[in-house]
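This report looks at pockets and at a sheet with its packed helix. Please keep the sequence and the structure at hand while reading.

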Amino acid sequence: MDAAEYERYVIHETVGSVDWDSPEGVDEFRFDRATGLLSRVSLRIPEYLEEDRDRALGWLSADSTPGNLRLIEPKADFHVEPAGARWSTDRELILLRDGPDAPTAERLRVQVAPGLHLLFADGLLAGWMLDAPESRISPSSGQPSSSPPDPVLAQVLEDYLRLMAFPALDDLMDGEPGFRRSLEELAARIDVGGGAADRRSALRDCIDDVIKEWYEE
């Protein structure tokens with residue numbers, strides 16, 4: 001939707017958390033004014049790796065159910081703080097907020113859209129999870145990719161997401177040549193002539209852009 005459509009959508013059609021003139025980025029959860037049902041989400045990906053691998057992977061065994069959210073008491077817009085850390089595998093991208101998922105908490109995954117799960121611990125929002133992140137790479141055309149799953153690209157994306165997160169990102173900020181070599185090694189693993197060529201090209205271009213921005217300009 002364009003800017004005018006988005007403004008109408010936020011002001012007149014929905015209520016909820018919105019990243020609108022916010023001094024800090026927030027996750028958007030927009031609920032339909034008439035039904036109270038969740039209508040749209042826009043979620044931020046944090047730049048920090050989750051330090052507790054077991055905490056992240058523990059969500060893979062949580063009960064999962066398809067569903068939706070309903071705002072019980074419609075009210076003025078509010079803010080939902082985004083996840084603070086992430087963990088990736090070649091099959092999932094797991095984003096976690098600070099605090100609510102203690103080891104003893106009752107965990108639930110609610111699939112609100114194909115491949116998108118909201119994570120709840122004792123009824124509180126703990127984060128979110130995306131299945132098959134490799135398939136979500138947006139080709140340069142801007143159109144969704146119709147290529148089948150690409151396990152080779154999935155592994156490269158996992159390694160890229162690990163590299164492009166703090167604390168590893170400190171080396172990029174410092175201009176360390178070793179970080180550039182790591183980026184170039186990742187790019188070399190992407191054969192744009194095979195697999196999901198459109199998604200492979202998009203990730204390869206993204207890596208090249210990082211190298212150009214930080215090491216060549």
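β2 and β9 each supply at least two residues of the lining of the second largest pocket, where strands are DSSP runs (E, at least two residues; helices are H or I, at least four), numbered from the N terminus. The model is predicted, so that local features need pLDDT of at least 70 and side-chain atom pairs pLDDT 80 or more, while totals for chains, interfaces and linings use all residues. Residues are numbered from 1 along each chain, and side-chain values use heavy atoms, without hydrogens and water.

A pocket is an open set of points on a 1 Å grid where a 1.4 Å probe fits, with protein on both sides within 12 Å along at least five of seven lines, and lining residues have an atom within 4 Å of a point.

| Pocket | Volume | Lining by class |
|---|---|---|
| Largest | about 600 Å³ | 19 nonpolar, two polar, three charged |

Among the residues lining the second largest pocket are F29, F31, R70 and R97. Of the 24 residues that line the largest pocket, I45, L93, L130, R136 and L161 lie nearest its centre, and the elements giving two or more residues to this lining are β3, β9 (124-131), α3 (151-163) and α6 (197-216).

β2 is also part of an open antiparallel sheet of three strands in the order β1-β2-β3, in which strands pair if DSSP finds at least two bridges between them. Because β1 (14-17) and β3 (38-42) each have a single partner strand, one side of each is left without a neighbour in the sheet. β1 pairs with β2 (residues 28-32) over four bridges, and G16 stands opposite R30.

Key. Grid points are joined across faces, edges and corners, and a volume is the space filled by probe spheres set on the points. Ala, Val, Leu, Ile, Met, Phe, Trp, Tyr, Cys and Pro count as nonpolar, Asp, Glu, Lys and Arg as charged, and the others, Gly among them, as polar.
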